[in-house]
Amino acid sequence: MGEKHLIVSGLQLWQWRNAALEAAIATDVPPMEIDWLLLEVAGLDRLALRLESFKNWPQIQLQLPLEELEQLWQRRLNDRLPVQYIAGATTWRQFKIAVSSAVLIPRPETECLIDLVEASTSNVSGHWADLGTGSGAIAIGLADALPKATIHAVDYSLEALAIARSNADNLGLADRIQFYQGSWWEPLALLKGQFSGMVSNPPYIPTSTLPTLQPEVVNHEPHLALDGGADGLDCIRHLIEVSPSYLQSGGVWLIEMMAGQADAVRELLQNQGSYCKIQIHADLAGIERFALAYKS
């Protein structure tokens, strides 16, 4: 496909945007998504969008043909395809993270995991694990926050790992993060007892709840990254059980969970017997979303 298909006039793009805005309002899709998409695929800046000054530009270079953008936008409206998958990217902390339907879209609330790591540890070196790395967002956040640490990122999905690797490459962090295919701690058996900390955003949605999630999530995001079993705690239980043999004394254990799971997770950590200083932290919306503990 030649370059010419990727060049449109400002007027063409302005007309497309107006039609897309009307369609978004009519189908209950947030209109702000259109401008976010145009920032990504048309390289427009916020000011040009706000003032609509791009309308007079003779040509604009798109990353994909306008027809294709329109087809994808129709899928956003009709199939509830998430806009991040259309753009192939999302912003997370200060990073631009590539995403596809092989990975969960990193959520803003998950950014708090990195803040909690920074607040919870004086041990900024050593080995840290991101279990179930998906797009690689958490591993990238850890590498940035802990410049002296080695980050070990594990995922079961080879497709997800390919995306995580390319994100680490693009952000210049590939030499700090090692990637492994496998289930949770299993690929890291050679480092048993040596980890300064582990972070995970595991699947935590109860299986029966999955169909009630927004269609954007249940129809497009990978179920492997969502389904936490009958009560949503299968993976969390496993991480509570297995992590003590991988963490050194004082090592950090930190996960994200769903609203309403905090009491059960606290109890599981207490009953396991290898953890101390168990804490529950809220996200910015006040929901108890993170459990933090230390290997005693």
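Which residue lies over the face of Trp14, and at what distance from the ring centre? Please continue from there to the packing of helix H1 with helix H4.

Modeller: The model is a predicted one. Lys55 is the residue over the face of Trp14, and its distance from the ring centre is 3.7 Å.

Helix H1 spans residues 10–26 and helix H4 spans residues 66–78. Two packed helices are described by the angle between their axes and the distance between those axes. Here the axes come within 11 Å and cross at roughly 10°. Because angles under 35 degrees count as roughly parallel, H1 is roughly parallel to H4. On the H1 side, the contact involves Gln12, Leu13, Trp16, Ala20, Ala23 and Ala24; on the H4 side, Leu66, Leu69, Glu70, Trp73 and Leu77 take part. The residues of this contact comprise 9 nonpolar, 1 polar and 1 charged.

The model contains 4 aromatic pairs. One of them is formed by Trp16 and Trp73, whose arrangement is edge-to-face, with 6.4 Å from centre to centre and 75° between the planes. This pair links distant parts of the chain, since Trp16 belongs to helix H1 and Trp73 to helix H4, 57 residues apart. Trp16 has a relative accessibility of 8% and therefore counts as buried. Trp73 is likewise buried, because its relative accessible area is 1%, and the cut-off for buried is under 20%.

How values were computed: Residues are numbered from 1 along each chain as its sequence is written. This is a predicted model: local features need pLDDT of at least 70, side-chain atom pairs count only at pLDDT 80 or more; totals for chains, interfaces and linings use all residues. Side-chain values use heavy atoms; hydrogens and water are left out. Axes are lines fitted to C-alpha atoms, for helices over the stretch in contact, and angles run from 0 to 180 degrees between N-to-C directions. Helices (H or I, at least four residues) and strands (E, at least two) are DSSP runs, numbered from the N terminus. Angles under 35 degrees count as roughly parallel, over 145 as roughly antiparallel, 65 to 115 as roughly perpendicular and the rest as oblique. Contact means heavy atoms within 4.5 Å. Ala, Val, Leu, Ile, Met, Phe, Trp, Tyr, Cys and Pro count as nonpolar, Asp, Glu, Lys and Arg as charged, and the others, Gly among them, as polar. Rings of Phe, Tyr and Trp (its six-membered ring) pair if their centres lie within 6.5 Å; planes under 30 degrees apart count as stacked, over 60 as edge-to-face and the rest as tilted. Buried means under 20% relative accessible area, exposed over 50%, partly exposed in between (1.4 Å probe, protein chains only). A charge sits over a ring if NZ of Lys or CZ of Arg is within 6 Å of the ring centre and within 35 degrees of the ring normal.
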